[in-house]
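I opened my notebook to keep track of what I looked up in this structure. Follow along with the model beside you.

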Amino acid sequence: MLFHHCPVCDSGNASRRQFLAGLGAVGAATMLPASAVLSQAAPKLIDTHHHFYPPSYLQMSKEWEGARKIPPFPGVFDWTPARSIELMDKNGIRTAVVSLASTPGLWFDAGAEAAGKTARICQDFAAEMRRDYPGRFGIFAPLSMMNIDVTLKEVEYVFDVLKADGINLQTNYGDKWLGDPLYKPVLEELNRRKAVVYVHPLVAACCGQLSVGTFPAVIEVPHDTTRTVTSLLLSGSFARYRDIQWLFSHAGGTIPMLAGRIDAFYGQRPNLKEFAPDGIMGEFRRLHYDTANATSAPALAALLKLVPVSQVTYGTDYPYFPLDQNKNLQQMGLAAADVQSIESGNATRLIPRLKAA
């Protein structure tokens with residue numbers, strides 16, 4: 001889940017290819033219900049929303065939550081890379097691109113220097129996982145973002161030394177969302193590198209009490225994705241940093257439902273082309289979104305009315321949610337080719353290295 005303290009089948013590949021080839025010969029592949037193809041072989045999924053926890057990070061989390069009397073979330077404090085692999089195998093997931101969960105992120109109320117050290121621990125641990133389990137893990141490397149000069153050095157390290165697949169940012173850092181001018185140098189560098197930037201939400205520091213009796217993850221977390229997307233839009237960041245490939249969690253939070261409202265307020269501005277060259281709806285269609293905890297029929301329908309299938313990747317939010325969320329995709333009536341694109345094809349287009357992982 002987004003709020004850290006709330007709650008292979010190689011033998012089947014040939015037959016699947018033959019099956020699809022036969023369908024192509026009669027021009028019917030994309031018209032067949034997804035379940036008919038998926039029943040031929042276990043899917044080879046790529047999970048772009050999969051959390052990891054270095055041991056020292058887990059210990060800091062345990063102490064942080066314990067001091068606040070926050071009950072542990074099942075599956076977090078007994079997490080290991082081997083356990084991830086075991087469950088990935090059971091659920092047909094070939095590769096998981098790992099990232100940190102949200103609150104408390106890298107902070108632990110310890111300041112910028114400590115956040116930088118924690119970021120390096122997490123970056124190196126993710127690289128060890130990828131080395132120890134070849135082909136099974138990709139890396140969205142976290143950045144500390146509290147000291148811009150330090151953060152720029154982190155960008156250099158994770159790409160030039162660790163060869164990370166992309167960057168893992170939070171939706172906010174304290175009282176600043178990603179469109180804030182403070183982050184301009186970081187976004188400029190990520191744009192220069194044509195980076196994939198995966199954004200994970202958390203509860204804004206201001207707003208934990210707005211959850212009307214629910215865990216903050218239920219309402220506030222998805223809204224924070226909407227806040228940071230809108231921040232990036234209205235600040236002109238999407239327009240300026242055209243080569244960043246953005247990937248947002250949970251079907252974009254509440255963006256699919258609020259896109260029309262945002263467009264109604266800002267779509268007729270005289271300076272629209274300055275911050276939304278493709279129009280507001282066009283800017284939203286350029287972004288990528290994962291399916292983690294968003295494969296209910298209404299959520300997925302709203303997302304796919306906003307964006308083409310090509311912009312959607314499979315995500316689970318493990319260990320907060322199970323790894324078998326693709327079963328919901330199979331019940332949505334999508335064409336087989338569209339399901340396959342969501343399950344793996346779009347991720348390999350976004351991160352070509354995953355084709356050979």
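**Salt bridges**

I began with a count, and the structure holds 17 salt bridges. I noted the rule too: a salt bridge is a side-chain nitrogen of Lys or Arg within 4 Å of a carboxyl oxygen of Asp or Glu. The general idea is that side chains of opposite charge can pair when their charged atoms come close.

Before going on, I wrote down that this is a predicted model, where local features need pLDDT of at least 70, side-chain atom pairs count only at pLDDT 80 or more, and totals for chains, interfaces and linings use all residues. I also wrote that residues are numbered from 1 along each chain as its sequence is written, and that side-chain values use heavy atoms, with hydrogens and water left out.

I looked up Glu86 and found its side chain in a salt bridge with that of Arg83, at 3.2 Å from N to O. Both residues sit in helix H4 (residues 81-90), three residues apart, which is about one turn of the helix. For the helix and strand names, I noted that helices (H or I, at least four residues) and strands (E, at least two) are DSSP runs, numbered from the N terminus.

Next I checked Lys117, which forms a salt bridge with Glu113, the closest N and O atoms being 3.6 Å apart. These two are separated by about one helical turn, because they are four residues apart in helix H5 (residues 112-132). Both Lys117 and Glu113 are exposed.

Then I turned to Asp278 and Arg242, whose side chains meet in a salt bridge at 3.2 Å, N to O. This pair links distant parts of the chain, 36 residues apart: Asp278 is in the loop between helix H11 (272-275) and helix H12 (280-286), and Arg242 is in the loop between H9 and S8. Asp278 counts as partly exposed at 45% relative accessibility, and Arg242 counts as partly exposed at 25%. I also found that salt bridges with shared partners join Asp160, Glu189, Arg192 and Arg193 into one network.

**Aromatic rings**

How many aromatic pairs does the structure hold? I found 10 aromatic pairs. One of them is Phe238 with Phe248, an edge-to-face pair at 6.5 Å centre to centre, with 85° between the planes. It links distant parts of the chain, as Phe238 is in helix H9 (residues 237-240) and Phe248 in strand S8 (residues 245-248), 10 residues apart. Phe238 counts as buried at 1% relative accessibility, and Phe248 is buried at 0%.

What lies over the face of Tyr157? I found Arg120 there, at 3.6 Å from the ring centre. A charge sits over a ring if NZ of Lys or CZ of Arg is within 6 Å of the ring centre and within 35 degrees of the ring normal.

**Backbone notes**

I looked at the peptide bond from Tyr318 to Pro319, which is cis, with omega near 10°. Pro319 is in the loop between strand S10 (312-313) and helix H14 (326-329). Asp317 is in the loop between S10 and H14, and its phi is near 70°, a positive value in a residue other than glycine. Asp317 is buried, with a relative accessible area of 0%.

His250 also went into my notes, with phi near 50°, a positive value in a residue other than glycine. I placed His250 in the loop between S8 and helix H10 (255-266). With a relative accessible area of 8%, His250 is buried.

Note on methods
Phe/Tyr/Trp six-rings, centres within 6.5 Å; stacked < 30°, edge-to-face > 60°. Buried < 20%, exposed > 50% of the residue type's maximum accessible area, 1.4 Å probe, protein only.
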